[in-house]
Amino acid sequence: MAVFEKKVQLRSLLDDTDVLTCTVESSQNIQGHTEYAIRIQRETHPEKCWHIKKRYRDFATLNGLLSLSGITLPLPPKRLIGNMEPLFVAERQLGLQKYLNFILANPFLSASFPVRHFLDPDNYSSSLQETALHSVSLALRGEPSWEVLRALPELGWRIRKHYFAIKKHIPNQDDQELLLSWTEYGPDMNVATSQLQSVLSVLSTVQAPFAINIELSRCNEIGCLVVRRIIEKGSLRDMICGSKLRTPFLRKYGCPKQTFPISGRELVSFSHQILQILAVLHQKNIPFGQLHAGNVCIDNGRALLLDIEGGLFGLPSFYRPFVIQHRRIDTIQSVDMYSYGHLLYEMAFGRPLETSTVDSFPTSCPPTLADLLERLLSPRSLREALPTAQQLLQHEFFIGLNAEDIQTRQLFKLSGQMKETLKIITCKIEERLRHDQKIVHHQRRLARVQEMLSSEEERKRRNKKWKQKEKERQQQQHQQMTNGKSPERSDSPASTSTATSAGTVTPPYSRSDSQPATPAPALPQNPVQSPDSAPPPPPPPSTLPSPSVAPERSALLSSISGFNKSNLRRVASSR
């Protein structure tokens with residue numbers, strides 16, 4: 001490679017299931033219209049944020065694209081006169097904030113391409129479909145018998161997964177229309193394409209009631225295409241919502257007019273079959289993590305998986321925004337079991353669970369079903385390790401079901417190199433999952449602390465605590481000032497003895513003396529101190545209980561006391 005050659009990244013490492021938070025920070029009047037500055041941040045990458053500027057008509061265009069879902073969206077109304085007034089602009093800014101919060105709280109709307117393109121136009125360009133078609137054409141260059149018929153943009157929820165109708169020309173036979181899916185690799189893909197192609201070749205040989213068989217698979221450095229037969233009845237979610245396969249995703253799942261829950265023996269049978277498939281995948285250590293109602297179909301009375309290769313491509317789970325909220329869901333097997341709980345809830349009640357946990361169920365829910373859902377979705381269960389698929393197969397909800405066991409030994413065999421490849425993919429998925437869970441846990445902890453500190457009751461409590469500490473400090477200072485005056489200074493005359501003139505010292509006496517000592521006469525040679533002059537400062541008070549006299553001072557005092565003036569001789573003056 002040349003020195004100045006720039007390495008081009010062929011695929012995106014972006015997780016399309018990341019939760020986005022938006023804040024409309026300000027508004028600005030520019031050339032007769034108002035622009036709103038929006039700050040956007042990813043929940044798993046709080047250090048990375050970006051800003052966009054949008055006009056009201058941009059929000060109106062987005063609302064027109066999302067109205068296909070049938071959901072009533074709270075977009076602020078349009079105003080023809082007075083739309084530049086500061087009060088109206090401030091009210092509209094609050095309305096647009098509520099509008100964005102409502103959209104991002106809906107899992108189907110927040111994962112749609114119009115919303116992602118509106119908030120992150122740099123990473124979600126409108127040419128993704130054309131790029132996918134070009135990649136499919138390159139992958140099929142060595143397959144002259146295959147022909148791409150048309151694109152099917154209404155299928156699927158993943159932004160970087162595209163569907164096409166394809167057929168294979170077979171001599172002396174009618175051409176059968178099949179379904180081709182082109183999937184770009186996800187952020188957890190970290191193995192060579194040759195190793196991935198080997199694993200897909202083994203999975204395509206499965207001849208059992210396991211999943212829809214793979215007719216063709218081709219991998220390159222960007223993504224992989226997989227060809228399967230089309231299930232005209234659609235997925236299990238289509239069955240619950242009463243919709244058709246080729247109806248646009250938002251229209252049939254956004255706000256269905258009527259739902260058809262699965263109940264009775266069908267619910268027990270289908271949920272048991274799905275649980276058997278998960279047990280097989282876990283036994284073979286195949287990373288899946290893609291279980292949801294849109295990835296399951298009912299064919300000839302049996303539940304089958306549509307895409308079992310999603311985990312191999314490093315794709316994030318549909319329920320990943322819920323999974324990263326619970327740190328005990330830290331393995332690919334526990335992700336499958338948690339997703340199975342959401343799938344079972346949607347099958348039983350005809351609507352998806354919009355929260356990460358549930359602790360109450362309708363009164364019509366059978367006790368055995370409620371117990372099974374509590375083991376997978378209750379807050380108490382999510383604080384512990386979730387049960388395995390083999391353990392749930394023995395649950396009393398499935399008692400009395402004559403189910404056929406899947407013979408795992410007859411399905412397929414994996415070589416040692418393939419097992420090592422699957423292990424590498426699994427470790428990468430679990431490593432990033434734990435990292436994101438740690439970040440989300442830290443962010444929520446900071447949010448709780450900030451909310452607690454900013455609450456009115458907490459502010460009052462902190463002010464009251466500060467006032468109490470201040471009062472205690474003042475009382476302590478007052479007590480120290482009161483105790484600062486020594487008892488010896490106030491009661492003992494010895495503590496206040498000072499020299500009245502230079503060379504004259506008042507001898508101390510003890511508290512036991514009845515009469516003070518007679519002061520010694522002053523020396524005539526020394527000048528007498530003026531009465532107007534201030535006396536020297538008193539010595540510092542003694543902290544000892546009774547003053548003690550040093551030997552040198554005792555000798556000096558005795559010599560002064562024994563001084564006799566008559567012993568002095570007169571000296572003749574030199575005058």
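Colleague: Why does E177 count as partly exposed?

Modeller: First, a word on the source. This is a predicted model, in which local features need pLDDT of at least 70 and side-chain atom pairs count only at pLDDT 80 or more, whereas totals for chains, interfaces and linings use all residues. Residues are numbered from 1 along each chain as its sequence is written, and side-chain values use heavy atoms, with hydrogens and water left out. As to exposure, a residue is buried under 20% relative accessible area, exposed over 50%, and partly exposed in between (1.4 Å probe, protein chains only). E177 has a relative accessibility of 30%, so E177 counts as partly exposed. In the protein, which has 575 residues, buried residues make up 42%.

Colleague: Where does E177 lie, and which residues does E177 touch?

Modeller: Secondary-structure elements are DSSP runs numbered from the N terminus: helices are H or I with at least four residues, strands are E with at least two. E177 belongs to strand β6. A contact means heavy atoms within 4.5 Å. Leaving aside residues up to four places away in sequence, E177 touches L149, R150, A165, I166, K167, I230 and R246. The C-alpha atoms of E177 and L149 are 8.8 Å apart, although the two residues are 28 apart in sequence. Over the whole protein, of the contacts with a separation of 6 or more, 64% are between residues 24 or more positions apart.

Colleague: How is strand pairing to be read, and which strands form the open sheet?

Modeller: Two strands pair if DSSP finds at least two bridges between them. Here five strands form an open sheet with antiparallel pairing, in the order β4-β5-β6-β8-β7. β4 and β7 (216-219) stand at the edges with a single partner strand each, so one side of each is left without a neighbour in the sheet. From one strand to the next, the twist averages 25°. Angles run from 0 to 180 degrees between N-to-C directions, with axes fitted to C-alpha atoms, for helices over the stretch in contact.

Colleague: How many bridges join β5 to β6, and how many join β5 to β4?

Modeller: β5 and β6 run antiparallel and are joined by seven bridges; I166 has L178 as its bridge partner in β6, and K167 has E177. Strand β4 (residues 146-151) pairs with β5 over five bridges, also in the antiparallel sense, and W146 stands opposite K168 in β5. Six of the eight residues of β5 are buried.

Colleague: Which helices lie across these strands?

Modeller: Helix α5 (residues 128-139) lies across β4, β5, β6, β7 and β8, at about 40° to β5. Helix α6 (residues 193-203) lies across β7 and β8, at about 170° to β7. The protein as a whole comes to 18 helices and 10 strands.

Colleague: What separates a cavity from a pocket?

Modeller: On a 1 Å grid over the protein atoms alone, a cavity is a set of points where a 1.4 Å probe fits but cannot get out; a pocket is an open set with protein on both sides within 12 Å along at least five of seven lines, and lining residues have an atom within 4 Å of a point. Points are joined across faces, edges and corners, and a volume is the space filled by probe spheres set on them. This structure holds five cavities of 30 Å³ or more.

Colleague: What lines the largest cavity?

Modeller: The largest cavity has a volume of about 610 Å³. Of its 35 lining residues, G156, Y163, G294, L306 and D307 are the closest to its centre. Two or more lining residues come from each of β5 (161-168), β6 (177-184), β8 (223-229), α7 (236-241) and α8 (249-253).

Colleague: Which residues lie nearest the centre of the largest pocket?

Modeller: They are A105, N106, P107, F108 and S110, from a lining of 41 residues. The largest pocket holds about 920 Å³ of space, and α2 gives the most to its lining, with four residues.
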